[in-house]
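Hi,

Here is the structure I promised to pass along. Have a look at it first, and then read on for what turned up when I went through its pockets and cavities.

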Amino acid sequence: MKIGVLALQGAVAEHIRSIEAAGGEGVAVKRVEELDALDGLIIPGGESTTIGKLMRKYGFIEAVRDFSKQGKPIFGTCAGLIVLAERIEGQEDAHLQLMDMTVARNAFGRQRESFETDLPVKGIDEPVRAVFIRAPLIKEVAPSVDVLSTYNGEIVTARQGHLLASSYHPELTDDYRLHAYFLDMAKEAAAAKA
Amino acid sequence: METGTSRVKRGMAEMQKGGVIMDVMNAEQAKIAEAAGATAVMALERVPSDIRAAGGVARMADPTVLEEVMKVVSIPVMAKARIGHYVEARVLEALGADYIDESEVLTPADEVFHISKRDFTVPFVCGAKDLGEALRRIQEGAAMLRTKGEPGTGNIVEAVRHMRLITGQIRKVQNLSKDELYHEAKNLGVPYDLLLDVHQTGKLPVVNFAAGGVATPSDAALMMHLGADGVFVGSGIFKSEYPERFARAIVEATTHYTDYKLIAEVSKNLGTPMKGIEISKLAPSERMQDRGF
């Protein structure tokens with residue numbers, strides 16, 4: 001499975017390393033034409049305002065929506081989760097508006113409140129080490145969105161069909177199970193198409 | 001649940017990669033920087049070129065500058081403390097700064113000791129002009145590095161020198177044998193374990209940005225070519241003729257640093273960049289890069 005990591009800004013190399021460790025092929029994506037060859041796309045952590053602006057500037061909003069329409073899976077972590085969301089609390093504009101959920105940015109506070117913890121995730125046997133950095137939260141989801149984990153009662157991992165989102169950074173650890181989970185989604189999507 | 005871990009501090013810097021961090025002096029400039037696509041802002045009372053012009057002792061900014069900036073932007077806000085001045089750093093941490101720059105741009109408060117940065121929950125970025133300085137700062141707890149360059153000059157030559165030196169030294173360390181590494185650790189004045197890590201991985205264990213002289217989109221792209229993970233722009237934006245245009249252009253050139261047509265496009269009609277300073281015209285006492293060790 002060839003998985004692209006959107007490389008406009010943010011932690012790109014870490015996702016490529018994790019995808020490869022999980023048995024996939026990871027490539028950095030800087031141009032919309034590069035989406036065609038992919039089986040799945042990761043939108044990494046970074047600054048969502050910067051990533052959103054650069055996506056608009058280079059035609060990625062429409063291109064990634066088309067990519068999603070083809071049923072190809074997309075995984076957003078932290079800023080990537082914000083970029084995927086239908087609604088962003090306190091903002092008029094959202095970015096891709098693909099996942100039917102409302103997210104809150106910087107929901108835990110400032111950097112000094114950033115933390116890591118062990119987090120149980122539905123579909124993964126043992127808890128994952130979750131690194132939350134100025135992390136967002138999912139405040140509301142539509143019934144079609146499956147909640148995969150919560151932290152203190154708030155949603156931090158969710159899946160809606162071929163779309164996956166986490167508030168935290170699995171790519172900053174040596175635990176590749178969430179990337180393996182996403183690779184399985186890509187394999188299912190490819191099989192369904194064939 | 002653990003806060004302030006090395007992973008959380010270094011991870012925060014990883015999220016800045018490929019981005020541009022801009023110096024701002026007030027809320028209005030912070031909004032311009034955020035709108036242009038900055039990944040973070042550095043809240044200051046004066047940009048480095050003004051600090052140079054003003055002379056005297058440069059200190060931590062008035063806390064109201066930091067507070068005003070934090071109020072108007074949603075991106076991370078950084079602030080500078082003097083080298084060794086751990087009380088300024090504690091004050092900035094208490095105010096909620098997202099990252100502290102223990103910076104040679106301000107007048108050093110301690111000529112022997114840098115801040116013991118591991119003791120803080122907030123992460124630190126520090127300047128380095130060679131591999132020895134870089135690893136000493138990491139040993140003290142810095143979670144991010146930047147070249148020192150020569151701040152406030154608008155002259156990229158020193159940032160280039162420092163980036164090339166650090167990457168060249170890393171290549172040399174990679175090729176040393178184990179027994180030579182002990183000697184090199186002593187030469188550089190760094191812990192053996194950190195040097196061994198560089199020997200094995202061929203890179204620094206934290207993110208390393210370019211800083212100190214970036215004034216144009218091409219300057220930013222050049223530093224990305226030389227291996228920078230991202231770019232700090234100090235005086236280069238708000239001392240240029242059209243800050244908004246410069247800010248946007250530098251953001252795009254940093255993202256697409258190998259796309260020369262795009263850099264040409266964004267470099268058009270930017271107006272006058274900040275006025276620069278020839279490095280040889282600086283008196284030894286005016287060289288900020290020689291502060292810290």
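A quick definition before the details: a pocket here is an open set of grid points with protein on both sides within 12 Å along at least five of seven lines, and a residue counts as lining if it has an atom within 4 Å of a point. Also keep in mind that this is a predicted model.

So, the largest pocket. It has 43 lining residues, and those nearest its centre are A:Ala13, A:Glu14, B:Glu14, B:Lys17 and B:Asp229. Two or more lining residues come from each of these elements: α1 (12–21) in chain A, plus α1 (6–14), α7 (157–174), α9 (192–201), β8 (207–209) and α12 (243–255) in chain B. The largest share belongs to α7(B), with 6 residues. By type, the lining splits into 16 nonpolar, 14 polar and 13 charged residues. The space inside is about 1100 Å³.

Now the cavities. There are 4 of 30 Å³ or more. The largest cavity holds about 200 Å³, and 24 residues line it, with B:Pro48, B:Pro151, B:Ala211, B:Gly212 and B:Gly234 nearest the centre. In chain B, β7 (144–147), β9 (231–233) and α11 (235–238) each give two or more residues to that lining. Its residues come out as 9 nonpolar, 9 polar and 6 charged.

The second largest cavity has about 140 Å³ of space. Look for it around A:Gly46, A:Glu47, A:Cys78, A:Asn106 and A:Arg134, which lie nearest its centre among 15 lining residues. Those divide into 6 nonpolar, 6 polar and 3 charged.

Cheers

Definitions and conventions:
Residues are numbered from 1 along each chain as its sequence is written. Chains are lettered from A and ligands numbered from 1 in the order in which they are written. This is a predicted model: local features need pLDDT of at least 70, side-chain atom pairs count only at pLDDT 80 or more; totals for chains, interfaces and linings use all residues. Side-chain values use heavy atoms; hydrogens and water are left out. On a 1 Å grid over the protein atoms alone, a cavity is a set of points where a 1.4 Å probe fits but cannot get out, and a pocket is an open set with protein on both sides within 12 Å along at least five of seven lines; lining residues have an atom within 4 Å of a point. Grid points are joined across faces, edges and corners, and a volume is the space filled by probe spheres set on the points. Helices (H or I, at least four residues) and strands (E, at least two) are DSSP runs, numbered from the N terminus. Ala, Val, Leu, Ile, Met, Phe, Trp, Tyr, Cys and Pro count as nonpolar, Asp, Glu, Lys and Arg as charged, and the others, Gly among them, as polar.
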